[in-house]
Amino acid sequence: MEKGIKNVRYGTDKIFNEAEDFLPLLGTDYVELYVGNAKQSAHFYKTAFGFRSLAYAGLETGVKDRTSYVLEQDKIRLVLTTPLCPDGAINGHLNRHGDGVKVIALWVDDAAKAWAETTARGAESFMEPTREEDSHGYVIRSGIHTYGETVHIFVERKNYGGAFLPGFRPWNSHYNPGEVGLKYIDHMVGNVGWGEMNTWVDFYKRVMGFAQIVTFDDKDISTDYTALMSKVMSNGNGRIKFPINEPAEGKRKSQIEEYIDFYHGSGVQHIAVATDDMVKTVSAMRDRGVEFLYVPDNYYETLKERVGEIDEDIAVLRQHGILVDRDDEGYLLQLFTKPVVDRPTLFFEIIQRKGAWSFGKGNFKALFEAIEREQEVRGTL
Ligand code: FE2
């Protein structure tokens with residue numbers, strides 16, 4: 001058992017003893033990014049990541065100040081939003097952070113109750129419970145602030161049958177390249193500033209009833225140069241998992257610090273998406289132009305003794321640069337993209353769980369050394 005890991009299991013039917021159930025969450029509803037050019041970002045996520053067109057809002061649907069494209073792949077919905085005017089909150093977000101995640105939307109049964117419970121526990125309101133409707137029914141949404149300028153929106157959609165949300169129309173496009181096998185969001189990681197990790201760990205405990213399931217300290221996650229600390233928060237049914245990272249002192253600049261410097265504050269570092277065929281997904285994404293972190297060849301020399309027997313052929317994993325880690329429940333395959341935006345900020349993780357419920361701690365060192373090689377090229381180490 002790794003240090004700091006409580007003996008709890010994931011699983012949709014198993015409630016953690018420590019998590020409280022005043023905020024039942026059914027899953028991730030959507031993730032909204034504010035981007036400089038939503039039309040072109042949508043093309044990128046369709047082409048490179050295999051998302052399909054789902055819905056659209058903009059001038060043609062009566063929205064005057066922004067354009068949003070909604071993409072879908074299995075249970076994952078991405079919303080890409082660009083402002084149409086020079087001033088306002090979206091522009092402020094873009095100027096400061098570049099393209100990045102604004103909204104982590106959570107699917108709930110009762111958005112008014114979710115708002116009331118969390119604001120009563122100290123959350124700052126972003127959006128009071130609001131009923132939005134069209135001919136397909138109605139949705140109730142509410143929202144609260146979390147780290148940085150990131151927000152959680154609670155989405156109650158049990159009385160809605162439209163494509164996405166009221167105000168959006170179906171987006172029918174002749175261009176929908178095949179999917180790459182991305183299934184659902186496994187976890188989303190927040191980077192926060194020096195000394196702020198425990199503040200946000202406490203926020204997820206106190207305000208949202210999450211339980212802390214894993215801790216890594218700087219002794220677990222450090223290389224010669226970089227260090228970070230991380231705690232993983234989970235809701236009661238394990239469907240929503242938010243690791244929170246903060247930088248730790250190393251000899252040179254931590255990759256978390258680099259993120260904070262370029263994002264100009266706390267924000268979402270990576271979105272981990274699950275697949276059930278890692279080799280197929282990674283090779284399809286690579287073929288479509290996605291850049292992954294380079295894994296040193298010597299990583300595979302000690303792999304077998306580190307993880308034991310696995311179903312996959314190590315030569316094939318090596319060919320695709322796929323990482324493996326094991327915990328006491330099983331193992332996982334994972335790989336990280338390079339940043340998908342111009343700043344060294346947001347990236348994606350592709351993960352396939354084969355029993356393991358942890359986050360690849362055994363890969364951190366190999367991974368960080370790979371990130372440091374990238375930082376060195378950027379001159380930010
Ligand atoms: Fe991750």
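Is His270 buried or exposed in this model? At 7% relative accessibility, His270 counts as buried, where buried means under 20% relative accessible area, exposed means over 50%, and partly exposed lies in between (1.4 Å probe, protein chains only). The structure is a predicted model, in which local features need pLDDT of at least 70 and side-chain atom pairs count only at pLDDT 80 or more, while totals for chains, interfaces and linings use all residues. Residues are numbered from 1 along each chain as its sequence is written, and side-chain values use heavy atoms, with hydrogens and water left out.

We can start with the overall fold. The protein has 9 helices and 17 strands; helices (H or I, at least four residues) and strands (E, at least two) are DSSP runs, numbered from the N terminus. The C-alpha trace spans about 60 × 45 × 40 Å along its principal axes. For 381 residues, a compact globule would have a radius of gyration near 21 Å, and the 20 Å of the protein agrees with this; the radius is taken over C-alpha atoms, and the globule rule is 2.2 Å times the number of residues to the power 0.38. Of the 381 residues, 57% are buried. Among contacts with a separation of 6 or more, 69% link residues 24 or more positions apart, a contact being heavy atoms within 4.5 Å.

The surface comes next. The protein carries 45 positive and 57 negative charges, whose mean positions are 2 Å apart. Here Lys and Arg count as positive and Asp and Glu as negative, with His and the chain ends not counted; each charge is placed at NZ of Lys, CZ of Arg, CG of Asp or CD of Glu.

His270 brings us to the metal site. Together with His187 (NE2) and Glu349 (OE), His270 (NE2) coordinates the iron ion at 2.0 to 2.2 Å. Donors are N, O and S atoms within 2.8 Å of the metal (3.2 Å for Na, K and Ca), and since water is not among the atoms, sites may look incomplete. Along the chain, the donors of the iron ion follow the spacing H-x82-H-x78-E. His270 lies in strand β14 (residues 267–274) and Glu349 in strand β17 (residues 347–354), so this pair ties together parts that are 79 residues apart in sequence. Glu349 is also buried, at 1% relative accessibility.

Several loops deserve a look as well. Most residues other than glycine have a negative phi. Asp74, in the loop between β3 (66–73) and β4 (76–83), has a positive phi of about 45° although it is not a glycine, and is partly exposed at 37% relative accessibility. His264 sits in the loop between α5 (255–263) and β14; its phi is positive too, at about 55°, and with a relative accessible area of 43% His264 is partly exposed. Thr337, by contrast, is buried at 3%, in the loop between β16 (330–336) and β17. Leaving aside neighbours within four places in sequence, the contacts of Thr337 include Phe49, Val290 and Phe348.
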